Amino acid sequence: MGAIGGDGVYRGTDFYCDVAIPHPERLHVVHEDDRVLAFHHTRPFWEVHIVVVPKRHIGSLTTVSAQDETDVRELLRVVQTVARNVELEHGAAAVLTNLGAYQDSKHLHVHVHSGGRRDRR
């Protein structure tokens, strides 16, 4: 289990299980139900950057199995709704997930984003 250090930086491998899912009150939530949480990224890369995550731990897109079907269907339903709303509001949206070394948090999550890349200094 990871922790947030005194500098406010998360040090762990699953931010979603450790922080986001148990503490949605710390986030700017755009959707929450029994299976899925969607919120504005806590350290956004883009002007609009929303993360959609299943509440049950699933490692990544490449580890999805038949037992994950209900959660993944709900995840994709929420991704579709969030992406549609971002597209309508901002004129464009992109949807992506990271794998392997690109995946900082080892929990399946999907990014919905729009606009320019933010300076992350």
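I began with Glu 69, which counts as partly exposed at 43% relative accessibility. I note here that the model is a predicted one.

**Glu 69 and its partner**

I looked for a charged partner and found Arg 73, whose side chain meets that of Glu 69 in a salt bridge, 2.8 Å from N to O. Both residues sit in helix α2, four residues apart, so about one helical turn separates them. Arg 73 is exposed, with a relative accessible area of 56%.

**Arg 56**

Next I turned to Arg 56. Which residue pairs with Arg 56 at 2.5 Å, N to O? I found Asp 68, the two side chains meeting in a salt bridge. Arg 56 and Asp 68 both lie in the loop between β5 (46–54) and α2 (69–90), so the pair ties together parts that are twelve residues apart in sequence.

I then checked Asp 71. Arg 56 forms a salt bridge with this residue too, and the closest N and O atoms are 2.8 Å apart. The pair links distant parts of the chain, with Arg 56 in the loop between β5 and α2 and Asp 71 in helix α2, 15 residues apart.

The cut-off for buried is under 20% relative accessible area. Arg 56 is at 32%, so I list this residue as partly exposed.

For the chain, I noted a count of seven salt bridges. I also looked up the charges: there are 14 positive and 16 negative ones, and their mean positions are 4 Å apart.

**The chain as a whole**

I listed the elements last. The chain has two helices and seven strands, and from the N terminus on they run β-β-α-β-β-β-α-β-β.

How does the radius of gyration agree with that of a compact globule? For 121 residues such a globule would be near 14 Å, and the chain has 14 Å, so the two agree. The C-alpha atoms fill a box of roughly 40 × 40 × 30 Å along the principal axes.

Buried residues make up 38% of the 121. Of the contacts with a separation of 6 or more, 52% are between residues 24 or more positions apart. I put down the accessible surface at about 7,300 Å², with 51% of it belonging to carbon and sulfur atoms.

Key:
Residues numbered from 1 in each chain as written. Predicted model: local features only at pLDDT ≥ 70, side-chain atom pairs only at ≥ 80, totals over all residues. Heavy atoms only, no water. Rg over C-alpha atoms; globule rule 2.2 N^0.38 Å. Buried < 20%, exposed > 50% of the residue type's maximum accessible area, 1.4 Å probe, protein only. Contact = heavy atoms within 4.5 Å. Areas by Shrake-Rupley, 256 points an atom, 1.4 Å probe, with all protein chains shown as cover. Lys, Arg positive; Asp, Glu negative; His and termini not counted. Charge placed at Lys NZ, Arg CZ, Asp CG, Glu CD. Salt bridge = Lys/Arg side-chain N within 4 Å of Asp/Glu carboxyl O.
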